[in-house]
Amino acid sequence: MASDAPRQYVPLTCHGHSRPVPHLSFSPLENDDVYYMISACKDGNPMLRDGQTGDWIGTFFGHKGAVWQAKLSPDASTAATASADFTARVWDTHSGELLYILQHDHIVRAVAYPFDNSGMIATGGFEKKLRIFDLQEQKPTTTPGVNGADATVTAVTIPTSMAFEIGEGTHTQPIKFIAWAIDPNVLVTASGDTLRWFDVPSRSCIRAEKLDAEIKSCELVSLAPSVVSPTDIGGGLPVLAVAAGKTVYFWGGPRADQELKRMTLPHGIASVGLDLRGRKFVAGEEPGTWARVYRWDDASEIDVHKGHHGPIWSIAFSPDGNLYATGSEDGTIKMWKNCEGFYGLWRGGASGSAERITE
């Protein structure tokens, strides 16, 4: 288990975005402990990075509006992005090619993949509709290149009429977050101040939980199977981490519907990340620019991370739990070490390594 002692490792700072970063997330752990990080940005250009080092791999070009969320598929072969240009898009992470354009009639704020299926995506946004798109029904076409030129990929455009709407008429406010439980039949949405659980086969809302304030952060947190333990928070299953007002909420179980704990902090919360193995959580202040680290068992503050120059809108832990990343209004991503000894670009020791800036 990770120590509770403050580490004060120097963070890695990832530059490259020109506007606020509202969301970031990691891929699952691949062979050889490889994983990736993707960031959404209001500049409209989501970026893919090496998950351990933050090194830039590529930028997905094509959105004509702010990108609010970005997530990687279970096999990391594709990335899904939600945008203010009334589309969600699916990209090939190896080539950067656009594969699918999922049309909507208003701003798209949220996307989610199932845990074990890279061929389906759930979307939500200002239409107040939760939809599932089946990407396996149509495939992009590839045209071989001529005279040595690269092959070209023609993206598939899927209208909303071809998607499956879940819980028709249920949402009264925009859908800001979607979590697909480890039980593939259950989807969770955050809309206004309300969490809702949906049964996918019947397309019906099976539970609603009104929280104390508008939900600012809602993510399903999990560790890779190779590092998960029954002693983790949640007993080895993913945990839904939610921030609303000054309170953090956590739900576990296969359907992410069993409340584990709720804790009220002395400040507003813009985002929350959960360290399942180290039994602590990280909260971005609102208002404020600091990330505060709290002990899971008693909500006592054990560390403060300073360095951002704007509110922290997103906090995500890596699939091995050895680091976490923060995305801010200031347009930067910072990566914080969460383990002892050597890891990634950190050399170990209490002072960590010199700050690494990636363009």
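Tyr-294 is buried, at 2% relative accessibility. Here buried means under 20% relative accessible area, exposed over 50% and partly exposed in between, with a 1.4 Å probe and protein chains only. The model is predicted: local features need pLDDT of at least 70, side-chain atom pairs count only at pLDDT 80 or more, and totals for chains, interfaces and linings use all residues. Residues are numbered from 1 along each chain as its sequence is written, and side-chain values use heavy atoms, with hydrogens and water left out.

A search of the whole structure finds eight aromatic pairs. Rings of Phe, Tyr and Trp (its six-membered ring) pair if their centres lie within 6.5 Å; planes under 30 degrees apart count as stacked, over 60 as edge-to-face and the rest as tilted. Phe-281 and Tyr-294 form a stacked pair, with 5.4 Å centre to centre and 20° between the planes. Phe-281 lies in strand S26 (residues 280–285) and Tyr-294 in strand S27 (residues 291–295), so the pair ties together parts 13 residues apart in sequence. Strands (E, at least two residues) and helices (H or I, at least four) are DSSP runs, numbered from the N terminus. Phe-281 is buried too, with a relative accessible area of 0%. One aromatic cluster holds Phe-250, Phe-281, Tyr-294 and Trp-296.

S26 and S27 belong to an open sheet of four strands. Its order is S25-S26-S27-S28, and the pairing is antiparallel. Strand S25 (269–275) and S28 are the edge strands, each pairing on one side only. Two strands pair if DSSP finds at least two bridges between them. Neighbouring strands of this sheet are turned by 20° against each other on average, direction ignored. The axes are lines fitted to C-alpha atoms (for helices, over the stretch in contact), and angles run from 0 to 180 degrees between N-to-C directions. S25 and S26 run antiparallel and are joined by six bridges. Ile-269 stands opposite Glu-285 in S26.

Two loops of this sheet carry backbone exceptions. Most residues other than glycine have a negative phi, and most peptide bonds are trans. The peptide bond from Glu-286 to Pro-287 is cis, with omega near 0°. Pro-287 is found in the loop between S26 and S27. Ala-299 has a positive phi of about 60°, although it is not a glycine. The loop between S27 and S28 holds Ala-299. At 22% relative accessibility, Ala-299 is partly exposed. Elsewhere in the chain, Lys-128 has a positive phi of about 65° and is not a glycine. Lys-128 sits in the loop between strand S11 (120–125) and strand S12 (130–134). Its relative accessibility is 34%, which counts as partly exposed.

Another open sheet has four strands in the order S21-S22-S23-S24, with antiparallel pairing. Strand S21 (215–221) and strand S24 (258–264) stand at the edges with a single partner strand each, so one side of each is left without a neighbour in the sheet. The twist averages 15° from one strand to the next. Six bridges join strand S23 (residues 247–252) to S24, and the two run antiparallel. Thr-247 has Thr-264 in S24 as its bridge partner.

Residues 60–101 are 0% helix and 52% strand, with the end C-alpha atoms 13 Å apart. Residues 305–337 are 0% helix and 55% strand, with the end C-alpha atoms 11 Å apart.

His-305 is found in strand S28 (residues 301–305). His-305 is buried, with a relative accessible area of 9%. A polar contact of 2.4 Å joins its side chain to that of Tyr-324. A polar contact is a pair of N or O atoms within 3.5 Å; within protein, one must be able to donate a hydrogen and the other to accept it, and residues adjacent in sequence count only if both atoms are side-chain atoms. Leaving aside neighbours within four places in sequence, His-305 is in contact (heavy atoms within 4.5 Å) with Trp-290, Ala-291, Val-293, Tyr-324 and Trp-336.

Asn-338 lies in the loop between strand S31 (333–337) and strand S32 (357–358). At 3% relative accessibility, Asn-338 is buried. The side chains of Asn-338 and Asp-275 are joined by a polar contact of 2.9 Å.
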